[in-house]
Amino acid sequence: MKRYSVLFLSALTALLLAACGGAQDPADAGNGAGGVDVPAENPVVRIDSAQESFLAQTDAYEEFIVPGDEDSEYLVRAVLSVNVAVRDFRVVGLALEPQGDTLRFRETQELYALDVLTPEKPLVLGLVFYGDTPSVGVSYTDENGETRILAVCMSGEDGSLLLSED
């Protein structure tokens, strides 16, 4: 029985490292959000650590702090921005769920919702990373009307913030 537990935990760790292990190019950081650019007709959600100078401009962004994390000394503030307006932007709770031979993220609850997230007014998300498994993500409706879910991750290599689609 211990052998199966060790194998399961090893597989889970490998999956999490693959999902959250990619590093972003520091050259992509511009307005406080990192990520990879694609043509403007495709929505891209970007994430980066919120800088104090940006946070001082309180009218420049929306803000949501995950309930229960407000007073933690480990609170991380992330800037979520987009290159084009996206509909039905939501912050969601996540859980890992087996699907066939793999584990996939499943939305467990809606934590915060915006009808539209625009490039002019990003969202500052406050959260705490508990362990290695992402428990918070973002969801939006893409240009084809499909719902996309991205896990909010922190790199174990350098502490940078990442978005991972399973």
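**Ground rules.** I count two strands as paired if DSSP finds at least two bridges between them. The strands (E, at least two residues) and helices (H or I, at least four) are themselves DSSP runs, numbered from the N terminus. This is a predicted model, where local features need pLDDT of at least 70 and side-chain atom pairs count only at pLDDT 80 or more, while totals for chains, interfaces and linings use all residues. Residues are numbered from 1 along each chain as its sequence is written, and side-chain values use heavy atoms, with hydrogens and water left out.

**Entry 1: the outline.** I looked up the secondary structure of the protein chain and found 2 helices and 9 strands. Along the sequence the pattern reads α-β-α-β-β-β-β-β-β-β-β.

**Entry 2: the five-stranded sheet.** In which order do the 5 strands of the open sheet run? I noted β5-β4-β7-β8-β9, with antiparallel pairing. At the edges are β5 and β9 (161-164), each of which pairs on one side only. Neighbouring strands here are turned by 30° against each other on average, direction ignored; for such angles, axes are lines fitted to C-alpha atoms, for helices over the stretch in contact, and angles run from 0 to 180 degrees between N-to-C directions. I then checked β8 and β9, which pair in the antiparallel sense over 4 bridges. There, C153 stands opposite L162 in β9.

**Entry 3: the four-stranded sheet.** Another open sheet has 4 strands in the order β1-β3-β6-β2, and its pairing is mixed. Its edges are β1 and β2, each with a single partner strand, so one side of each is left without a neighbour in the sheet. The twist from one strand to the next averages 25°. The parallel sense shows up between β2 and β6, over 4 bridges, and E62 stands opposite L123 in β6.

**Entry 4: the cores.** A nonpolar core is a set of buried Ala, Val, Leu, Ile, Met, Phe, Trp, Tyr and Cys residues joined through side-chain atoms within 4.5 Å. Buried means under 20% relative accessible area, exposed over 50%, and partly exposed in between (1.4 Å probe, protein chains only). Which members of the largest core touch the most others? Of its 23 residues, they are L80, F89, V91, L123 and L125. Strands that each supply at least two residues of this core include β1 (45-49), β4 (86-99) and β6 (123-127), and the largest share, 4 residues, comes from β3. A second, separate core has 7 residues, among them I149, A151, C153 and L162.

**Entry 5: an aromatic pair.** I searched the whole structure and found 2 aromatic pairs. Rings of Phe, Tyr and Trp (its six-membered ring) pair if their centres lie within 6.5 Å; planes under 30 degrees apart count as stacked, over 60 as edge-to-face and the rest as tilted. The rings of F64 and Y112 have centres 4.9 Å apart and planes at 20°, so this pair is stacked. Because F64 lies in strand β2 (residues 62-65) and Y112 in strand β5, the pair ties together parts that are 48 residues apart in sequence. Are these two buried or exposed? F64 is buried, at 11% relative accessible area, and Y112 counts as buried at 18%.
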